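Keep the 3D view open as you read.

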Amino acid sequence: MKVLVTAKRVTDPDMKIKVKADGSGIELSGMSYKINPFDEIAIEEAIRIKEQSGGEVIVASIGGDEAQTEIRTGLAMGADRGILVKTDGDVDSDAVARVLVKLVEKERPDLVIMGKQAVDLDDNQVPQLLAGYLGWGQACFASKLQINGNTATVAREVDGGIETLEIDLPGIISADLRLNEPRYPTLPGIMKAKKKPLDTIHPADLDVDITPKVVVKGFSNPPERKGGRIVADVPELLKALKDEAGAF
Amino acid sequence: MANILLIAEDKKRELKKVTLNALTFAKQAAEKINGQVIVLAVGAGISKVAEEISAYGVSKVITAETDGLENYIAETWSAVVADVTRANDVGLVCMASTSMGKDLMPRVAATLGAGMASDVLGFDGATFTRTMWAGNAYANVEITTPIKVCTVQGTAFDTAEKAGDSPVESFMPTIPEAKTRFIGFNESVSERPDLTEASVIVSGGRGLKGSENFKLIEDLADLFGGAVGATRAAVDAGWMPNDLQVGQTGKIVASDIYFAIGLSGAIQHMAGMKNSKYIIAINKDEEAPIFEIADAGLVADLFKVLPEITNTIRKEMGK
Ligand SMILES: Cc1cc2nc3c(=O)[nH]c(=O)nc-3n(C[C@H](O)[C@H](O)[C@H](O)COP(=O)(O)OP(=O)(O)OC[C@H]3O[C@@H](n4cnc5c(N)ncnc54)[C@H](O)[C@@H]3O)c2cc1C
């Protein structure tokens with residue numbers, strides 16, 4: 001089975017984010033970058049499918065040259081080859097989805113697995129957009145995936161419980177946190193990854209106009225919370241609960 | 001822009017309250033652009049939900065029900081929503097940012113060729129304010145397509161009040177053949193209110209050390225008729241069901257009182273609860289980041305203090 005997965009380069013999810021004083025963007029000096037954690041889960045799932053039943057795993061990223069690092073991470077985990085669709089500056093989720101449509105048409109994967117959201121922009125849109133454009137079935141927020149020939153059975157984490165869907169293949173899966181625990185790349189894996197093919201192409205090669213439909217005009221800081229008061233003991237906590245919070 | 005279409009959501013054919021928060025957004029947006037609010041309720045047997053929402057003074061409520069719409073499927077629902085959008089001079093399609101809203105609305109956007117903003121907090125008639133980076137940045141975004149799509153952060157809007165009867169009409173949808181089939185739903189049964197609807201939430205983390213100890217969390221929550229929440233660590237460990245996860249990738253809540261117990265306050269967790277009105281933190285590590293946003297923090301071993309807290313409150317309440 002041929003599986004297409006994605007690897008977005010995102011700001012380190014555990015670093016504090018600050019909006020620039022002039023609101024033009026996020027303060028990026030000293031920032032470190034990582035592969036989007038949800039994409040890591042998607043890549044792991046694709047590699048497990050390959051390990052079970054053979055096939056190929058292709059890692060795609062849409063972004064600047066630096067995103068090669070995240071593709072190499074996927075290759076080091078065990079994916080077979082990479083594709084960087086090189087863009088300058090920001091692209092919106094819609095443009096990413098339309099680029100992926102073309103990659104899907106070119107590569108003809110049996111399955112696309114992507115992280116359910118990127119932890120920078122928090123859009124949670126691309127897998128659904130891609131499924132919509134392709135007219136394929138979608139199973140988003142997956143916590144369990146089983147391939148049965150031409151279909152996949154997917155457990156989805158939704159409000160109020162776990163839903164199970166069956167989708168025809170080819171189809172789109174978006175990975176949630178509990179789908180698996182991604183492996184760490186091993187040293188031999190990292191060495192091997194350096195030799196795996198990584199093609200760079202441009203949106204124009206795919207005939208995609210990446211003009212965004214959604215344009216960010218500016219950023220602001222969320223309202224600050226004044227916290228930090230420590231109470232001495234249980235009676236003081238109860239007093240705060242009663243007098244300040246009006247709990248009882 | 002023209003009309004605003006709000007997609008209603010139900011749970012077993014009862015209107016979900018978060019739809020009424022999204023309705024407040026829709027009404028505010030309608031005023032900004034001189035449009036009308038239309039509500040769409042999709043699903044077999046949905047007329048009861050339509051009746052409920054018709055009491056909230058909107059320009060009309062549209063029902064779309066037919067065979068094949070028993071269970072929500074993104075492919076079929078998005079086709080129906082897109083058809084209704086095109087037939088009603090709609091400029092903005094919105095829905096609460098629930099798991100269904102998140103699943104459905106991007107597909108609606110693709111079907112309509114529309115741009116979409118996720119987790120919207122406000123709309124000034126031209127740009128949408130939304131959260132990014134786990135709620136640590138607000139972005140102002142402009143959607144450049146004639147039809148716009150968004151999901152709405154329920155906690156940012158009050159629940160709409162009843163405001164007079166609205167006409168209900170039905171729309172006969174054409175259902176495309178779906179490549180997806182509903183197999184089943186494993187419901188996590190709980191007597192407690194939904195996290196997004198509770199005024200008091202008691203959340204526990206890894207510090208609870210096991211599912212059996214969540215009884216301590218539940219006992220406190222039940223005194224207030226509150227909801228129980230959990231961190232990713234507690235859910236991953238299998239101590240609590242997935243839909244109780246609070247955070248960037250779980251539920252976003254804004255309760256009157258939020259107890260954060262035995263949890264550290266990771267960025268991803270705080271993203272889901274820091275807009276609560278009053279936050280209480282109990283953690284044995286005085287360096288835990290949760291204390292930075294707590295209105296009252298107690299540095300203590302939860303196993304030592306929680307029973308005492310619960311018992312004292314119970315007595316004071318006369319329960
Ligand atoms: C992509 C991604 C998405 C994520 N999304 C979410 C999300 O939506 N929600 C979420 O919650 N997390 C999320 N996380 C995980 C998050 O980063 C943290 O790992 C998680 O929130 C930690 O949970 P915790 O606070 O329970 O555990 P820990 O960080 O281990 O904290 C346990 C705390 O308990 C305290 N403690 C231990 N014993 C006691 C005791 N006896 N008495 C008092 N205190 C005690 C400790 O001092 C410690 O502070 C996400 C992570 C990633 C990478």
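Start with Asp120(A) and Lys8(A), whose side chains come together in a salt bridge, 3.1 Å from N to O. Keep in mind that you're looking at a predicted model. These two partners come from distant parts of the chain, 112 residues apart. Asp120(A) sits in the loop between strand E6 and helix H4, while Lys8(A) belongs to the loop between strand E1 and strand E2. Is Asp120(A) buried or exposed? Asp120(A) counts as buried because its relative accessible area is 7%, under the 20% cut-off. Lys8(A), at 29%, is partly exposed.

Now hop over to Glu316(B), which pairs with Lys242(A) in another salt bridge, with the closest N and O atoms 2.6 Å apart. Glu316(B) is in helix H9 of chain B and Lys242(A) is in helix H6 of chain A, so this pair joins two chains. Both partners are partly exposed: Glu316(B) has a relative accessible area of 47%, and Lys242(A) comes in at 35%.

Next, stay in chain B and find Arg192(B) with Asp222(B), a salt bridge whose closest N and O atoms are 2.7 Å apart. Arg192(B) lies in the loop between strands E12 and E13, and Asp222(B) lies in helix H5, so the pair ties together parts 30 residues apart in sequence. Arg192(B) is partly exposed at 25%, and Asp222(B) is partly exposed at 38%.

Back in chain A, Lys2(A), Glu56(A), Arg81(A) and Glu107(A) form a network of them. And how many salt bridges does the structure hold over all chains? The count is 40.

Key: Residues numbered from 1 in each chain as written. Chains lettered and ligands numbered in written order. Predicted model: local features only at pLDDT ≥ 70, side-chain atom pairs only at ≥ 80, totals over all residues. Heavy atoms only, no water. Salt bridge = Lys/Arg side-chain N within 4 Å of Asp/Glu carboxyl O. Helix = DSSP H or I, 4+ residues; strand = E, 2+ residues; numbered from the N terminus. Buried < 20%, exposed > 50% of the residue type's maximum accessible area, 1.4 Å probe, protein only.
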